[in-house]
Amino acid sequence: VFRYAEARNLPAVDGTSKLSAHLRAGTIGIRAVLAKLADARSQAPPAGQASCEVFLNELIWREFYQQILANFPHVMKGAFRPEYNDLAWSHDRGHFDAWCAGQTGYPIVDAAMRCLNATGWMHNRLRMIVAMFLTKDLLINWQWGERYFMRQLVDGDLAANNGGWQWSAGTGTDAAPYFRIFNPVSQGEKFDAGGSFVRRWVPELAGLPDECIHQPWKNPLLLAQRGYPQRIVRHEEQRAKCLTMYKQVKASA
């Protein structure tokens, strides 16, 4: 926990607690976690105390989404802010299937989805990346992704899963969320800089140099030799489409 603040966003590093499945199943209670955290914090130097606070904040997010579900149960069937139920989502089943299978052509997205399919677990930073990609690059309804996660995740929790998906889709509790759009390339470069996580889960790209591990389309000949798919969409084009889609709903609200 004393390294949590700096390590929690790096999927190639064992930097998270892995307690989510136990909290979901009830094999550990939230009060036990809080008690141990308070004890650790009391014995830590200032930097370690700050890291404990970051960990506590994540537990508070968990509680927050439970309270949202309890007090606003309509989120089980639609957007927290109902106007976003009118978004003109794409229904491209081919794009959705490619996302599920980890065949989108974006290495960090594909590595994350393949990890989920193989292990039943996904790092939180990756959950945000793949959810943002589905909703704001592929323009597919967040509920499709929400359902897929609940089928795959060993820690699948209705409140946390719903809250996370609505945060990424921009339909949830944030004040002005719709223009938050992750770039899957820069996310990969920032949080998997050397490509360690991608190389583990996308073996087709294991031999690529660092400079193109997150943008393999920059070397089309090498990409073709590896048998890795081309990008199914271009982020730079989809971002503009996404903003237009959300603005249309905002304008009519």
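This is a predicted model: local features need pLDDT of at least 70, side-chain atom pairs count only at pLDDT 80 or more; totals for chains, interfaces and linings use all residues.
## Cysteines

Buried here means a relative accessible area under 20%. By that cut-off C242 counts as buried, because its relative accessible area is 0%. C52 is another buried one, with a relative accessible area of 1%.

In soluble globular proteins, nonpolar side chains tend to be buried together. In this model the largest nonpolar core takes in 63 residues, and W99, F149 and Y246 have the most contacts inside it. Which helix gives the most to this core? That would be α7, spanning residues 124–136, with eight residues.

Leaving out residues up to four places away in sequence, Y246 touches Y84, L87 and W89, along with K136, A169, G170 and Y178.

## Helices α4 and α9

Now for some helix packing. Helix α4 covers residues 46–71 and helix α9 covers residues 158–169; their axes come within 8 Å and cross at roughly 95°. Because of that angle, α4 is roughly perpendicular to α9.

On the α4 side, the residues that meet α9 are Y65, Q66 and L69. Their partners in α9 are L158, A159, A160, G163, G164 and W167. Sorted by class, the contact of α4 with α9 has six nonpolar residues, three polar ones and no charged ones.

## Helices α6 and α8

Another pair to look at is α6 (residues 107–119) with α8 (residues 142–152). Their axes are 9 Å apart and the helices pack at an angle of about 40°, which means α6 is oblique to α8. From α6, M113, L116 and N117 meet Y148, F149 and Q152 of α8. The class breakdown for the contact of α6 with α8 is four nonpolar, two polar and no charged residues.

Skipping residues up to four places away in sequence, L116 touches W121, M122, Y148, F149, Q152 and L153. As for L126, it is 10 residues apart from L116 in sequence, with the two C-alpha atoms 9.9 Å apart in space.

## Positive phi in two loops

K18 has a phi near 60°, a positive value in a residue other than glycine. Where is K18? Its place is in the loop between α1 (4–7) and α2 (20–25). K18 is partly exposed, with a relative accessible area of 37%.

L139 also has a positive phi, near 60°, and is likewise a residue other than glycine. L139 lies in the loop between α7 and α8. Whereas K18 is partly exposed, L139 is buried, its relative accessible area being 11%.

Note on methods: Residues are numbered from 1 along each chain as its sequence is written. Side-chain values use heavy atoms; hydrogens and water are left out. Buried means under 20% relative accessible area, exposed over 50%, partly exposed in between (1.4 Å probe, protein chains only). A nonpolar core is a set of buried Ala, Val, Leu, Ile, Met, Phe, Trp, Tyr and Cys residues joined through side-chain atoms within 4.5 Å. Helices (H or I, at least four residues) and strands (E, at least two) are DSSP runs, numbered from the N terminus. Contact means heavy atoms within 4.5 Å. Axes are lines fitted to C-alpha atoms, for helices over the stretch in contact, and angles run from 0 to 180 degrees between N-to-C directions. Angles under 35 degrees count as roughly parallel, over 145 as roughly antiparallel, 65 to 115 as roughly perpendicular and the rest as oblique. Ala, Val, Leu, Ile, Met, Phe, Trp, Tyr, Cys and Pro count as nonpolar, Asp, Glu, Lys and Arg as charged, and the others, Gly among them, as polar.
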